[in-house]
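My notes follow in the order I made them.

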Amino acid sequence: MSRARADEEEYWHSSKFRAFTFDDEDDELSQLKESKRAVNSLRDIVDDDDDDLERVSWSGEPVGSISWSIKETASGSTGSLEGRDSSLQKGSSSYAPVPKQVSSYSLSSLFKGRNKLPSFQSLSDALTDTGVKNYAPELRRPRAEYKDYSSDWSPKDTVRRMQRGKVCSLERFRSLQDKLVLLDEAVAGHDGNVITAVLIFLKRTLRREILFQELEVRQVALCHLIHFLRETGEQKFLLDLLRFLDRTEEVALSQYREHLNIQDVEKRREFLKGCIGLPFSPEDTSHIQDHYTLLERQIIIEANDRHLEMAGQSEIFRKYPRKASILNMPLVTTLFYSCFYHYTEAEGTFSSPINLKKTFKIPDKQYVLTALAARAKLRSWNDVDALLTTKNWLGYTKKKAPIGFHRVVEILQRNNAPVQVLQEYVRLVEDVETRLNVATKYKCHDVVIETYRDLKDRIQLIAYKCKVERGSAEEEKINSLLNNT
Amino acid sequence: MAAHLSSGRVNLTALREAGRRELREFLDKCAGSKAIVWDEYLTGPFGLIAQYSLLKEHEVEKMFTLKPGRLPPADVKNIIFFVRPKLELMDIITDNVLREDRGRSPQRDFHILFVPRRSLLCEQWLKEQGVLGSFIHREQYSLDLIPFDGDLLSMESESAFKECYLESDQTSLYHAAKGLMTLQALYGTIPQIFGKGDCARHVANMMIRMKREFPGSQNSIFPVFDTLLLLDRNVDLLTPLATQLTYEGLIDEIYGIQNTYVKLPPEKFAPKKQGEGGKDLPTEPKKLQLNSAEELYAEIRDKNFNAVGSVLSKKAKIISAAFEERHHAKTVGEIKQFVSQLPHMQAARSSLANHTSIAELIKDITTSEDFFDNLTVEQEFMSGIDTDKVNNYIEDCIAQKHPLIKILRLVCLQSVCNSGLKQKVLDHYKREILQTYGYEHILTLNNLEKAGLLKPQTSGRNNYPTIRKTLRLWMDDVNEQNPNDISYVYSGYAPLSVRLAQLLARPGWRSIEEVLKMLPGPHFEERQQLPTGLQKKRQQGENRVTLVFFLGGVTYAEIAALRFLSQMEDGGTEYVIATTKLINGTTWIKSLMEKLEPAPF
């Protein structure tokens, strides 16, 4: 938070922005409470079982909803016998079609098809043909009619039949020309299901180079094939295709994605090593390189630390046993880990924080933030102090926090730092308003008092008196300040 | 049961009825007792069409969820799989079928019902596993547009946006067109079609083609809809990224509404009965259905959350007063009348109790410092402030390892509001994200880039300010209590998509040609001929009905904004909304993220 609090307040009040808060005068929280009280008080009047109005099981699902019934019927042991008997009888009877009202539409009745057309009719002829046949009662057809291998459907009709979910033989489309017409028809129909089916057929029956060439000028079909190859995990075919298309970045990413499927860390590391040379964009290349280096480090650190922990010699591992392995964790987490367990190590070791910082060019801000969190968690206040102290060339020391001291205080407070420690850093918060806010929030009375003293704000000082304990040193301090002026 | 579907201008019960009829027809085909094995994702959408009672009437005795292993024992004649056409589900079905005890008698028959379409790819897959022949019926159930409320339809197709914009797979558009054909069959041909975006163009083309190819679908129903507006989600990538500030929008942002149901933490709903002393605190989440069937919810759901508290407290007073009436009831007749009103009053009371609790839960969050900070940054970006440099709050959130999706929402919002980020800024964010959350997220970042959500500024020109000003996307004087503009749904930001719909109705898109050209994809108009006799003669003062179809998802806040326009006194247009999926920024970004864990089977 770079914008100082004071500015922020002013900004909100003066600018056109609206904060999302409830109106203060019309305190709605109390209104809500009031409604709730009113509502609850009514319970006495109404029936005790009012919760049952809608017959809702406690999980809230209305009794009889589908997901509720799944639980219910699945837990019951066997179905009722009578139910089965009657159903068996029904099963033997042939299922007569349910008479249908003429005016009403069932979903299936909406799909009407065309009469069978002579084969190889030209596309333009097919468009003008108006012969219509109603395919609606498809649901009730005998099964045999389903697999219609009738061999003389035009490409257009074949596609249309497939759109309706019928199985069609594609084998008779032999020439390249026919196959491509079929594909174009499928694409024009926009049904991905059919497009994919045709592509599977082409993939099986065409030479790779020819297929690739033809797909290059048919982008929609191409996308479907890529999607299909991804879905079915045909990695090698996919990479060949992408390479042919010169989509090198995609090849790289697609290959890199594979590492997620490798569980064994050694193998994963090897795999990542192989990814480094892939044609990523320049920025991505450095990230991939870092990914590999990080895993390599983690493997070394993990082996070492597991050993240390098992041996039980190292105090830090005895006191704070590791909760999980560091393998495959993000960089910042790894840095935290190394600041926690390996803080004092020399720069030369792989597990030292400074080494990580240098290797991965971790920005100062990120480093301080992480180290601070780790050392504060160990309540190692001296390390915190050292981390924030810099020496200038004359040998004077100075406190510096690239993340701002209000953030330092926040982190320390979260780790239950004692008031004395907190106070020291609260004092260093530069902006007065922020300092007062933070000091009040964390009860660093001394800082509040000193700040008011420096501001010569008598009224605030008097007001603050009621916030400190009666008879405490702080109260005395305020009194003496008030008397002195 | 579904009375709320007929409450709107268009009676959507007919659509639900059509769905139920087809379901019954299929069930009756598999004669005898049955067990249904459910792809769990489908139970929610199906629940909006039919209850268990309907299935039971058609001899469904058992229901299981689909999982690998042996199917549970059940003495039924038929086992029916209700599944989406997905390969990983086919693997589970294969496993189920192969483990079926061949020796058992009587043998059970297997069937598959694909929802919403049969898939040749899946059947091929089953064939390769050698089980395709085991299925007697393989059918499809065209559950394209599911009625969610009196003015709302959704396809609940989770991956539609990803498929359309990342994978260029237009199957979901095909389903959308099919759904629209069904709708036209039930509610008449829609005479006017407008659209903006590539996908919109595709859907319109498919509709026209389907109509030409199946002239039989020419119907003689008097058209209910005057206009169809097809909108690509990628025309307005901004809106879903911002935090919705309507009541329903916030419930969805915080708890997630699924198929009109929401699961809430149970503590606030604990029944306070005397003598129990809170010993049996419920641990299971409280599940509530949210739709316009509930009078109070219909009234408050589209309000800005800041206006909800006062309505609730007003209602509480009214109800208290109503219950007080009993003291004044003296005569038998009066008492009788009071008693007759009791059920209604009890329902109102329990509804009020629920929403008071939900409002309390939400308020805990909206008053938190982080919610405030996050909203501040969002509003800065949307009003065009500091969109071209690294944002401190975002950096802080990364440092504190806030959920990655939250970070991505903010960074994408900044990118969209700046027509792309400066290369240096983009690189900085990328680096921080990868170092903090893991390098493998490079795949997700790439997906976002492909979808246009996160990109470098290429032209060197930021169009957003022009678009913002022309379409009045940022309104300074927003009134949350008694709104006079749609911008109340985001407390200042007027959703671009809805603004387009509003301007189309009045004064027409010709007034914003320049801006339309800046937004991706073509804009167009098509007319569908109506047979003479079906042309509408509008009554004086009668509103037009426009169906707005969001291809790639719509948020509850956008729905609220359209409902607001419907209710405007001099609006002249009422809206019905359809979409491929109900989304919010979180679910949307999630659908674009690379799945990092390998599938469990």
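How far apart do the C-alpha centres of domain 1 of chain A and domain 4 of chain A lie? I looked it up in the model, which is predicted. The two centres lie 81 Å apart. For the bounds, I went to the domain assignment of chain A: domain 1 covers 155–246 and domain 4 covers 444–484. Domain 2 (263–362) and domain 3 (376–443) are also listed there.

Next I turned to a helix. I picked α8 of chain A, residues 192–205. I noted 14 residues and a reach of 20 Å from the first C-alpha to the last. That is close to the 20 Å expected at 1.5 Å a residue.

Is α8(A) enclosed or open? I found 11 of its 14 residues buried, so α8(A) is largely enclosed by the rest of the structure. Among the buried ones I wrote down Gly192(A), Val198(A) and Phe201(A).

What do they pack against?

Last, I looked at the nonpolar cores. The largest has 247 residues. Phe82(B) is one of the members that touch the most others. Leaving out residues up to four places away in sequence, I saw Phe82(B) touch Leu23(B), Trp38(B) and Leu113(B), among others. A second, separate core holds 61 residues, including Leu215(A) and Ile79(B).

How values were computed: Residues are numbered from 1 along each chain as its sequence is written. Chains are lettered from A and ligands numbered from 1 in the order in which they are written. This is a predicted model: local features need pLDDT of at least 70, side-chain atom pairs count only at pLDDT 80 or more; totals for chains, interfaces and linings use all residues. Side-chain values use heavy atoms; hydrogens and water are left out. A nonpolar core is a set of buried Ala, Val, Leu, Ile, Met, Phe, Trp, Tyr and Cys residues joined through side-chain atoms within 4.5 Å. Buried means under 20% relative accessible area, exposed over 50%, partly exposed in between (1.4 Å probe, protein chains only). Contact means heavy atoms within 4.5 Å. Helices (H or I, at least four residues) and strands (E, at least two) are DSSP runs, numbered from the N terminus. The expected span of a helix is 1.5 Å times one less than its number of residues. Domain bounds come from an automatic or database domain assignment.
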